[in-house]
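These are my notebook entries on a protein model.

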Amino acid sequence: MVELLAPAGGYETMVGAFNAGADAVYLGGSKFGARAYADNFDKEQVLDAISYAHLHGKKIYMTVNTLVKEREYGEVYDFMLPFAEKKLDGVIVQDLGVMKLIRDEFPKIELHGSTQQTVTGVYGAKLLKELGCVRVVPARELSLSEMKSIKQKADIEVEAFIHGAMCYCYSGMCLFSSMVGTRSGNRGRCAQPCRLPYRSDLTGKNKEQYPLSLKDMCTVDLIPELIEAGIDSFKIEGRMKKPEYAAGVTHIYRKYIDLYYKEPDKKHEISREDMEILRSLYLRTEISQGYYHKHNGKDMVTLASPAYNGTSDAVLADIKDRFLGGELKIKCDINCKLSLDEDIYITMSAFKGAERIVKEIRGSKVQAASKRPMDKESVYKQLSRLGNTPFEAENISISIDDKGNGAGIFVPVSELNELRRTLCEELEKALLTDEHVETIKKDYGKSQANEKESLPENVKGDVHILVTTKDQLEVALKKADEYSDITRIYVDSNLYQSLGNTPSSRGRLELMVALPYMTRTEQYDGVSEIERILDSLGDKGFDGVLVRNLEQLGFLHDRKYSGKVILDYGIYIWNGQAAEMLKDLACEASIPYELTFHEAKEVSKKVRQKTGLPETYNIYGYTPMMISAGCVKKTLGTCSGFQNKLHSEKLSIYDRMDNELKITTNCLDCYNIIWNAHPTSLHKKLTNIQDAGCFDHYRIDMSVESQKECADIISYYLDSLKSESVSDIFENAEYTTGHFKRGVE
């Protein structure tokens, strides 16, 4: 049976979700969770939650799904230790280094690959399985057929979102919030710039709309299809929302899941009353079924307003009364035998699955009554007082035998109460047999500190250029002839596929294909795009590929590709352990955009120390802030179609500060790139960067620049790196230094 997984921002929400029929909840602890502004649980609450869930046959999954900086990494073990000892069921993880730690140190905890890992196909899922995951949460943009394919071909559990808010960007690939501020979605602090109004060239610069704000997902009428596709866990979004939301939504999905299993061949119409409840529980103005049956569409976007619907006070009050009034109780039977001159004898029993667990206890000898004898009613009164325990008495059986003395029997009420309390404790422990705290002792922090730190020698970085247009490629090739420090050119995959053969004899200069930002299983003429690229690399004189997502990395690994594999920034390496996970899959890595210069130096040294992988540091380029399945051009205008598969267009949207955000529509792979308003340029920081001696390569990315701009920028940087005197081409230009100093929270 499919698992129904509900969000829990706090203990009350967890209780309500379980009362409403959830099989499991996912929650965040005090650190490393992707909802930093939710109530979240402190350590003791998490431990209590695990015990509570396990008593009732439920599961707890913890979100440890943010990227972890090198300096923070040592805290993860101590944070996780008490939950591992308590036998936490699973952890939802984004950071590959955190995944490695949990896999190696706490192997009894299930690893679930977070949606932040942007799993978009079979090969990414296979790779995560090989790295230790038993479950993946694929990108919400996938179709039902793609989800089904992952389940069948990767042989891994699939957890899919079925209800709640939708991100416009592929999760894990959004840098919008961090680039316009310091609140990173990869750190659980997204400021939601996608919910803000924008103006566009397509609709007129005076008209504000919300082209990046998706409607909330509601798939209650897709339950049969989703179950039959083999999805293992239905996930409700919403750890930031109120307890009534979690309980109310869970209750309705539980109802229709159960109806399906009861009568799978019958179509169960969703009642109007139930749909109204769902619509009124903190959903935005309109709802959609997400991407399960469409790649994108204008009708998925809340163009007019992303505001929430009003919520009926009567609905909230009803949900509160039904599901938030108290905790679940375990049905138990109590049997008490009181025979004169014999020990008080009480048993208490309850089911653990199909097995009945029985606990017994004996007290002092039963005495003859000197005054008022003890009757069944008074004994029942004491034994039924189970209020603050996990139990509720279903049957209480009492037998009293005074052996014909006529005076009746007597036992102290205080002793009955104490025996009852002890029995409850013993039965609770027995029901949690495998739950007794398992001592996992290891001074992890000390062992990490004692690692031999052989710091690598300083390196002098050469320069790599990434180009996306034919004009930029011509400039880059010409500049490579002028400057010997240019040793590699990355050619965007769309541009690569439009090229004829290129001379293979280029001496020191390497040519690499920058694979698409997004890879899906959509096929072209029966051959996937990556296969087409790989099969032609040798003929075109190219040496390898720049990998931008796990699907590509998994495909290359499955294919046993022997060329050069370079990890782009989107394969996040925020700590040395993450690089260790991938050291056998690639020959180079890239420093993520969201690290400060100091953090980048820490990571680079640690990566080279642990793995020997060379690292690339980006010194110029427009940052791709969003990679989206949604298409702004299609939403605000019309779809360009696939007549020209390599077709792409450029358009712009404008924010409230009148900043122009350029958008590239990649029509071959059907995604948009929303670029930052200004390029990140570290031209004034080059001395610091070179003096650090940490980075093997420097990279200059060309995206929306003209041919002249491309030529000027490359010459400026190459001359500056040689300490030659140059006129500042950025003097009157707007640019940002990105996260060089400010970092992310």
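I began with a term: a residue counts as buried when its relative accessible area is under 20%. I note that the model is predicted.

Entry one, the whole chain. I found that buried residues make up 60% of the 745 residues in the protein. I counted the secondary structure as 23 helices and 31 strands. I fitted a box to the C-alpha atoms along the principal axes, and its sides came to roughly 115 × 60 × 45 Å. Among contacts with a separation of 6 or more, I found that 73% join residues 24 or more positions apart.

I took the mean positions of the 97 positive and 111 negative charges and found them 1 Å apart.

I located a negative surface patch formed by Asp221, Glu225, Glu228, Asp265 and Glu269. I placed Asp221 in the loop between β10 (216-218) and α8 (223-228).

I looked up residues 73-85 and found α3 mostly covered, with 10 of its 13 residues buried. The buried residues of α3 include Tyr73, Tyr77, Phe79 and Phe83; Glu85 is also one of them. Just after α3, I noted that Lys87 takes a positive phi of about 70°.

How values were computed
Residues are numbered from 1 along each chain as its sequence is written. This is a predicted model: local features need pLDDT of at least 70, side-chain atom pairs count only at pLDDT 80 or more; totals for chains, interfaces and linings use all residues. Side-chain values use heavy atoms; hydrogens and water are left out. Patches are made of residues with over 30% relative accessible area and no salt bridge: like charges are joined within 9 Å, nonpolar side chains (Val, Leu, Ile, Met, Phe, Trp, Tyr) within 5 Å. Accessible areas come from the Shrake-Rupley method with a 1.4 Å probe; for residues, only the protein chains shown count as cover. A salt bridge is a side-chain nitrogen of Lys or Arg within 4 Å of a carboxyl oxygen of Asp or Glu. Lys and Arg count as positive and Asp and Glu as negative; His and the chain ends are not counted. The place of a charge is taken as NZ of Lys, CZ of Arg, CG of Asp or CD of Glu. Helices (H or I, at least four residues) and strands (E, at least two) are DSSP runs, numbered from the N terminus. Buried means under 20% relative accessible area, exposed over 50%, partly exposed in between (1.4 Å probe, protein chains only). Contact means heavy atoms within 4.5 Å.
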